[in-house]
Amino acid sequence: MVFKRRDPVGWGAWLREMVYPKGGFKRATRYVLHRMKRLPDSPRRVARGVFAGSVIGFLPLPGLQFVAAWIAARLVNGNLLAALLATFNTNPLTTPFFAVLAMTLGHWIMGIEAPLTAEYIGHRFAVAGADLWANVLAIFGPEKTQWGGLIQFWHEIYVPYFIGALGPGIIISLAGYWITIPLVEAYQKARAAKAKERGERRHRLREMLAEATARVKARAEAEAAEKAAAETLAARGGPAAAPAAGDDGPGSP
């Protein structure tokens, strides 16, 4: 399998690599690009998959990005694996900066005036989390459900983030679309040239083996013919038959 590890890792190592990959973000990015270039599909279809997955990767869809990328790839007729790989366009180091940019743009579009400070965002998350936990407890106890913090979080954080991420996400993903096409085309042409060269070498090797086999066969046939001729002469008494006993040859009395 493409993503199966030779040596499985534990949950702790998995969580650590989700925050910072073992080989660094540069190596992880190179690996994703390498996998995309090697996809056995047309360059434009791979690029459409990259576009769909990249747009989804910028949106706040925790736990649903793979499903959303699969749906988006089907809608644009893109490569599904490319779409799944493209959702890794964000990482824990760059996501906070993009999130603040997206929420700022979303607040401006929606006309929301709220200070997007770390304290404000953290408070909204804390209140929404407390309401969510209270609603979970209300399922099993007499407590009442609380929706105020969740509704405020939805209107002031999530929706502005979603709306604000669409524009930059689409622009960046379009750039990724146009960059992917020549990269995949160049890789596929180079791979086809190497495959053609390997095929020509195999063809020349087969011809050389066929010629060597023919020479060995001809030599063996010639040796067999010489041996058969020698055996025939030996059976007839040699190249000149010896005179019979008591016969001195012509002219003898």
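Visitor: Which are the buried residues of H6?

Guide: Some ground rules come first. This is a predicted model, with local features needing pLDDT of at least 70, side-chain atom pairs counting only at pLDDT 80 or more, and totals for chains, interfaces and linings using all residues. Residues are numbered from 1 along each chain as its sequence is written, and side-chain values use heavy atoms, leaving out hydrogens and water. Helices are DSSP runs of H or I, at least four residues, numbered from the N terminus. Buried means under 20% relative accessible area, exposed over 50%, and partly exposed in between, with a 1.4 Å probe and protein chains only. In H6, the buried set is Phe-98, Ala-99, Ala-102, Met-103, Gly-106 and His-107.

Visitor: Why do the buried residues line one face of the helix?

Guide: An α-helix has 3.6 residues a turn, so residues three or four places apart point the same way. Here are the buried ones again: Phe-98, Ala-99, Ala-102, Met-103, Gly-106 and His-107. Looking down the axis of H6, they fall within an arc of 165 degrees, so they line one face; the arc is that of the directions from the helix axis to the C-beta atoms. The face turned away from that buried side carries the exposed residues Phe-97 and Trp-108.

Visitor: What covers the buried residues of H6?

Guide: Look for contacts, meaning heavy atoms within 4.5 Å. The cover includes helix H3 (43–58), helix H7 (118–140) and helix H8 (148–235).

Visitor: And aromatic pairs: how many does a search of the whole structure find?

Guide: A pair of aromatic rings is described by the distance of the centres and the angle of the planes. Rings of Phe, Tyr and Trp (its six-membered ring) pair if their centres lie within 6.5 Å; planes under 30 degrees apart count as stacked, over 60 as edge-to-face and the rest as tilted. The search turns up six pairs. In one of them, Phe-58 and Phe-98 have ring centres 4.8 Å apart and planes at 40 degrees, so the pair is tilted. It links distant parts of the chain, with Phe-58 in helix H3 and Phe-98 in helix H6, 40 residues apart. Phe-58 is buried at 9% relative accessible area, and Phe-98 is buried too, at 11%.

Visitor: Which ring pair is edge-to-face?

Guide: Phe-66 and Phe-88 make an edge-to-face pair, 6.0 Å centre to centre with 80 degrees between the planes. Phe-66 sits in helix H4 (residues 65–75) and Phe-88 in the loop between helix H5 (80–86) and H6, so the pair ties together parts 22 residues apart in sequence. Phe-66 is partly exposed, at 44%.

Notes: Helices (H or I, at least four residues) and strands (E, at least two) are DSSP runs, numbered from the N terminus.
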